[in-house]
Amino acid sequence: MGFSSVNSKVVSTTVEPGREILARRGAMLAYTGAVSFSPVHMGGGGVGGFAGRMMSGEQVAMMVAQGQGSVYYGFRGLYVTIIELDGSGPLSVEADRLLAHDAALQSTVVFLGQQGGIRGAVRGAVSGQGLFTTQLHGYGTAAVISHGGTIAVPVGPMGPVSVDPQAYVAHVGQVNVDISASVGWRDAVGRGSGEAIQLKCTGTGTVYVQASEQKI
């Protein structure tokens with residue numbers, strides 16, 4: 001089932017018993033059938049429990065869709081990219097770029113300061129995306145938002161892929177992301193090219209890059 005693209009900025013999905021959908025609050029555009037929506041609460045068990053814990057570090061309110069029907073999602077006219085997870089590796093994405101996903105996907109919050117030490121913390125600060133990254137694991141579908149759409153850049157043995165921090169959206173697979181900085185005196189006084197800091201992606205997987213350096 002998963003998500004289907006209606007156009008470049010809207011996706012639709014089927015909700016049925018045993019298949020709930022989590023989405024950021026304000027993303028539901030329309031629905032058909034007997035579908036109900038409720039806020040995700042912190043703590044507890046079930047869908048609300050794990051999602052609440054997932055989002056607690058990133059401060060993005062979530063809603064769960066339950067019942068039987070079809071739901072249409074979009075957000076502020078931003079472009080939507082559908083990403084299929086096949087269990088080969090997690091999807092790592094900032095909470096403000098995560099539109100919706102199958103509730104069955106296991107979710108965790110990775111604190112970059114713990115994962116990557118000082119470099120991890122710097123990476124979050126430089127990218128403007130905070131210190132927490134959401135990871136989704138398992139089999140299912142997620143939809144992410146971006147400015148101008150995304151390109152999927154393969155990461156593999158051909159060498160690292162370097163991405164502008166503001167253009168980075170997400171990555172999937174066994175991908176390591178690290179900071180790469182080359183700062184000289186021109187950058188220090190504001191006369192550099194503005195390309196002195198990149199995110200270096202290595203390993204095996206795919207990195208999604210938006211067609212803009214704008215934040216959500």
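These legends go with several close-up views of a predicted model.

**View 1. A salt bridge between Arg19 and Asp102.** Searching the whole structure turns up one salt bridge. Its partners are Arg19 and Asp102, whose closest N and O atoms are 2.5 Å apart. The pair ties together distant parts of the chain, 83 residues apart: Arg19 lies in the loop between β2 (10–15) and β3 (21–24), while Asp102 belongs to strand β8 (residues 98–102). Arg19 is buried, with 9% relative accessibility, and Asp102 is buried too, at 8%.

View 2. One aromatic pair is found in a search of the whole structure.

**View 3. Arg24 over the ring of Phe75.** In this close-up, look for the charged end of Arg24, which sits over the Phe75 ring at 4.1 Å from the ring centre.

**View 4. Stretches with pLDDT under 50, including residues 42–58.** Across the protein chain the mean pLDDT is 80, and 73% of the residues reach 70 or more. Residues 42–58 stay under 50, and the model gives them 41 contacts beyond four places in sequence. Residues 188–193 are also below 50, with five contacts in the model beyond near neighbours in sequence. A friendly caution applies: where pLDDT is low, the predicted coordinates should not be read in detail.

Key: Residues numbered from 1 in each chain as written. Predicted model: local features only at pLDDT ≥ 70, side-chain atom pairs only at ≥ 80, totals over all residues. Heavy atoms only, no water. Salt bridge = Lys/Arg side-chain N within 4 Å of Asp/Glu carboxyl O. Helix = DSSP H or I, 4+ residues; strand = E, 2+ residues; numbered from the N terminus. Buried < 20%, exposed > 50% of the residue type's maximum accessible area, 1.4 Å probe, protein only. pLDDT = per-residue confidence, 0-100. Contact = heavy atoms within 4.5 Å. Phe/Tyr/Trp six-rings, centres within 6.5 Å; stacked < 30°, edge-to-face > 60°. Lys NZ or Arg CZ within 6 Å of the ring centre and 35° of its normal.
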